Amino acid sequence: MIREVVTDRGAPAITSDQWHVVHSRFVGPDNERPFLRSIHSEHVDRTACREVARTLRAQLSKGDAAIPAEERDEVFVRKPNFRSLKRAKPARKDEE
């Protein structure tokens, strides 16, 4: 079940009691935390979750060529009860 929670520091977060795919969408460069995260889907096991994440990444990457690297949507696989911040900075390291 998907739930809204808070971190130990009181920041808004999301979680699920199952393996889940998190989609982190770029919403604007003017924010300190320009990515808005949501749970895309939930799964019974890690294998199924990874397959859905790969499919979502492939769909998103079709339009990535025209988007700067720091503004591209991100996809994560998270274990049960992992808390992901609702608003976040980019997760990927600088690409050189």
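1. Basis of the note. This is a predicted model, in which local features need pLDDT of at least 70 and side-chain atom pairs count only at pLDDT 80 or more, while totals for chains, interfaces and linings use all residues. Residues are numbered from 1 along each chain as its sequence is written, and side-chain values use heavy atoms, with hydrogens and water left out.

2. Glu 4 is exposed at a relative accessible area of 62%, whereas Lys 86 is partly exposed at 22% (buried means under 20% relative accessible area, exposed over 50%, and partly exposed in between, with a 1.4 Å probe and protein chains only). The side chains of Arg 83 and Asp 8 form another salt bridge, at 3.7 Å, N to O; Arg 83 lies in the loop between β5 and β6 and Asp 8 in the loop between β1 and β2, so the pair ties together parts that are 75 residues apart in sequence.

3. Glu 51 and Arg 54 meet through their side chains at 2.9 Å, N to O, and because they are three residues apart in helix α1, about one helical turn separates them. Helices (H or I, at least four residues) and strands (E, at least two) are DSSP runs, numbered from the N terminus.

4. The nonpolar core. The largest nonpolar core is made up of five residues, Val 21, Cys 49, Ala 53, Leu 56 and Val 75, where such a core is a set of buried Ala, Val, Leu, Ile, Met, Phe, Trp, Tyr and Cys residues joined through side-chain atoms within 4.5 Å. Helix α1 (residues 46-61) gives the largest share of this core, three residues. Leaving aside neighbours within four places in sequence, Val 21 has contacts (heavy atoms within 4.5 Å) that include Ile 39, Val 52 and Phe 76.

5. Strand pairing. An open sheet of three strands runs in the order β1-β2-β6 with antiparallel pairing, two strands being paired if DSSP finds at least two bridges between them. Both β1 (2-6) and β6 (84-85) stand at the edges with a single partner strand each, so one side of each is left without a neighbour in the sheet. Elsewhere, eight bridges join the antiparallel strands β3 (residues 19-26) and β4 (residues 35-43), and two bridges join β4 to the antiparallel strand β7 (residues 87-88).

6. Phe 26 and Phe 35. These residues are bridge partners, with Phe 35 in β4, and they also form an edge-to-face aromatic pair, at 5.5 Å centre to centre and 70 degrees between the planes. Rings of Phe, Tyr and Trp (its six-membered ring) pair if their centres lie within 6.5 Å, and planes under 30 degrees apart count as stacked, over 60 as edge-to-face and the rest as tilted. Phe 26 is partly exposed at 21% relative accessibility, whereas Phe 35 is buried at 0%.

7. A backbone point to check. Asn 81 has a positive phi of about 65 degrees although it is not a glycine, and Asn 81 lies in the loop between β5 (74-78) and β6.

Methods
Salt bridge = Lys/Arg side-chain N within 4 Å of Asp/Glu carboxyl O.
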